[in-house]
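Please look over the sequence and the fold below before reading on. The paragraphs that follow begin with one residue and its surroundings and then widen the view.

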Amino acid sequence: MSAPGTGSRERADGARAVADDAPVFVISVAAQLAGMHAQTLRQYDRLGLVTPGRTPGGGRRYSPRDVALLREVQRLSQEDGVNLAGIKRIIDLESRVEALQQRVHELIDELERSEHRRMSAESAMASGYGRDLVGTDLVPLRQASAALVVWRPRESQR
């Protein structure tokens, strides 16, 4: 399972490649590409193993990623002997891992941007931008006062 595709791309032969997540195959074509019966794909959809896109009329449309997932389901079932509940759990966990990896990359990018801004600010301060602030706080603090204030309610408030 790979990261989501980003639209169609131009191939070397001039043809347009289809994005991995573009719902383009009707169920009969997807079944043929995956080497399965269309009824098996319907069953997998009901079980939530492979959930294809839908047309406005409700017809299933499978993407190249869906077909690859169907092949993986078949491999896990036939070669490794994993039952359908186990396969669903594997798919769910792999999806969560992908989402977490994507989030980690986003956080790393955000951290790098923050670090770059911090370094730019430090550089600006060191180059004289804040020359008159050298040795002082960036935000001046008021000295604590020892004054005592006594509050007395007005006559009308009593």
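**Around L49**

Leaving aside neighbours within four places in sequence, L49 makes contact with Y44, L69, V73, L84, I87, K88 and I91. In this predicted model, L49 also belongs to the largest nonpolar core, a set of 18 residues in which L41, L49, V50, Y62, L70 and V73 touch the most other members. Two or more residues of this core come from each of helix 1, helix 2 (38-47), helix 3 (64-78) and helix 4 (84-129), and helix 3 contributes the most, with 5 residues. In soluble globular proteins, nonpolar side chains tend to be buried together.

V26 lies in the loop between strand 2 (16-17) and helix 1 (27-34), and it counts as partly exposed because its relative accessible area is 32%, which is between the limits of 20% and 50%.

Taken as a whole, the protein has 4 helices and 4 strands, which follow one another from the N terminus in the order β-β-α-α-β-β-α-α. Of its 158 residues, 17% are buried, while its accessible surface comes to about 12200 Å², with 55% belonging to carbon and sulfur atoms. Among contacts between residues at least 6 apart in sequence, 49% join residues at least 24 apart.

As for confidence, the mean pLDDT is 85, and 80% of the residues reach 70 or more; over residues 1-6, however, pLDDT stays under 50, and for this stretch the model has 13 contacts beyond four places in sequence.

Note on methods
Residues numbered from 1 in each chain as written. Heavy atoms only, no water. pLDDT = per-residue confidence, 0-100. Contact = heavy atoms within 4.5 Å. Buried < 20%, exposed > 50% of the residue type's maximum accessible area, 1.4 Å probe, protein only. Core = buried A, V, L, I, M, F, W, Y, C linked by side-chain atoms within 4.5 Å. Areas by Shrake-Rupley, 256 points an atom, 1.4 Å probe, with all protein chains shown as cover.
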